[in-house]
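Dear colleague,

I am passing this structure on to you, together with my notes on what turned up in it. Please look through the model first and then read on.

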Amino acid sequence: SFCSSSAEGIWSITDPRMGAYKYLEELYHKKQSDVLRFLLRVRCWEYRQLPAIHRVTRPTRPDKARRLGYKAKQGFVVYRVRVRRGGRKRPVRKGKTMGKPKNEGINQLKFRRNLRSVAEERVGRRCGNLRVLNSYWINQDATYKYFEVVLVDPSHNAIRKDPRINWIVAPTMKHRELRGLTGAGKHGRGLYNKGIGANKNRPSRRASWKRRNTLSLPRYR
């Protein structure tokens with residue numbers, strides 16, 4: 001039957017306009033459903049037995065991977081990585097910072113970047129000959145978060161000849177994940193915020209601070 005969208009803006013499950021990827025997308029919007037809870041629990045057990053970084057033959061969430069640029073063709077690679085959850089404890093001996101009381105904090109500190117960005121960084125270091133395109137969440141438990149990272153081989157002819165993806169072949173795209181150019185990196189830099197609260201985020205917090213603290217006196221000529 002032909003059904004319209006519900007009050008929450010989610011299409012009815014019997015809507016003929018929904019394709020296979022739309023079904024998968026709606027499925028992952030309901031992570032508390034019995035189906036997803038069972039799937040995530042079983043998969044999480046499997047992921048715990050595997051190495052921290054390992055290659056997968058195909059993406060676990062093909063709908064999400066395709067929205068982020070993945071294509072099932074030569075030159076595209078998917079890696080799965082796990083990152084330990086939690087904040088960042090200050091690495092000082094015996095908890096003594098040898099400084100002023102303002103900087104005595106040890107335990108309740110938070111790392112500035114998100115865990116997805118950390119996952120991209122670790123995969124990027126492991127696969128130095130590939131370029132990180134994007135990444136997405138797949139699972140988590142009490143100890144780890146699991147992500148899949150989409151990478152591209154810049155030396156593969158299938159990539160170099162494709163006008164939709166060969167922008168990543170440029171040398172300026174080396175290690176995008178280490179310079180905050182991926183989606184997770186931009187999120188950590190605050191570039192997805194707009195308006196009053198994001199005045200000092202562009203082009204970066206450091207550049208904005210430098211611009212506001214540099215005295216410029218144009219010379220009269």
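Does Arg126 count as buried or exposed? At 52% relative accessibility, Arg126 counts as exposed, where exposed means over 50% relative accessible area, buried means under 20% and partly exposed is in between, with a 1.4 Å probe and protein chains only.

Before going further, please note that this is a predicted model, in which local features need pLDDT of at least 70 and side-chain atom pairs count only at pLDDT 80 or more, while totals for chains, interfaces and linings use all residues. Residues are numbered from 1 along each chain as its sequence is written, and side-chain values use heavy atoms, with hydrogens and water left out.

The sheet

Helices (H or I, at least four residues) and strands (E, at least two) are DSSP runs numbered from the N terminus, and two strands are taken to pair if DSSP finds at least two bridges between them. On that basis there is an open sheet of four strands, in the order β1-β2-β4-β3, with antiparallel pairing. The edges are formed by β1 (53–56) and β3 (131–140), each of which has a single partner strand, so one side of each is left without a neighbour in the sheet. From one strand to the next the twist averages 25°, with axes being lines fitted to C-alpha atoms, for helices over the stretch in contact, and angles running from 0 to 180 degrees between N-to-C directions.

A hairpin of three residues leads from β3 to β4. Strand β4 is mostly covered, with eight of its nine residues buried.

Helix α4 (residues 115–126) lies across β1, β2, β3 and β4, running at about 125° to β2.

Two residues of α4 deserve a separate word. Glu121 lies in this helix and is buried, with a relative accessible area of 16%. Its side chain is joined to that of Arg113 by a polar contact of 2.6 Å (a pair of N or O atoms within 3.5 Å, of which, within protein, one must be able to donate a hydrogen and the other to accept it, residues adjacent in sequence counting only if both atoms are side-chain atoms). Not counting residues up to four places away in sequence, Glu121 touches Arg113, Glu177 and Leu178. Arg126, the exposed residue of my opening question, is also found in α4, and its C-alpha atom is separated by 9.9 Å from that of His54, 72 residues apart along the chain.

Aromatic rings and charges

Rings of Phe, Tyr and Trp (its six-membered ring) pair if their centres lie within 6.5 Å, with planes under 30 degrees apart counted as stacked, over 60 as edge-to-face and the rest as tilted; by this rule the count comes to three aromatic pairs. Tyr47 and Tyr146 form a tilted pair, 5.5 Å centre to centre with 50° between the planes. Tyr47 lies in helix α2 and Tyr146 in strand β4, so this pair ties together parts that are 99 residues apart in sequence; both residues are buried. The rings of Tyr70 and Phe76 have centres 6.0 Å apart and planes at 80°, so that pair is edge-to-face, and here Tyr70 is buried at 12% relative accessible area, as is Phe76 at 9%. Ring pairs also link Tyr47, Tyr144 and Tyr146 into a cluster.

A charge is said to sit over a ring if NZ of Lys or CZ of Arg is within 6 Å of the ring centre and within 35 degrees of the ring normal. The charged end of Arg82 sits over the ring of Tyr144, 4.9 Å from its centre, and that of Arg61 sits over the ring of Tyr28, at 4.2 Å from the centre.

With best regards

How values were computed
Contact = heavy atoms within 4.5 Å.
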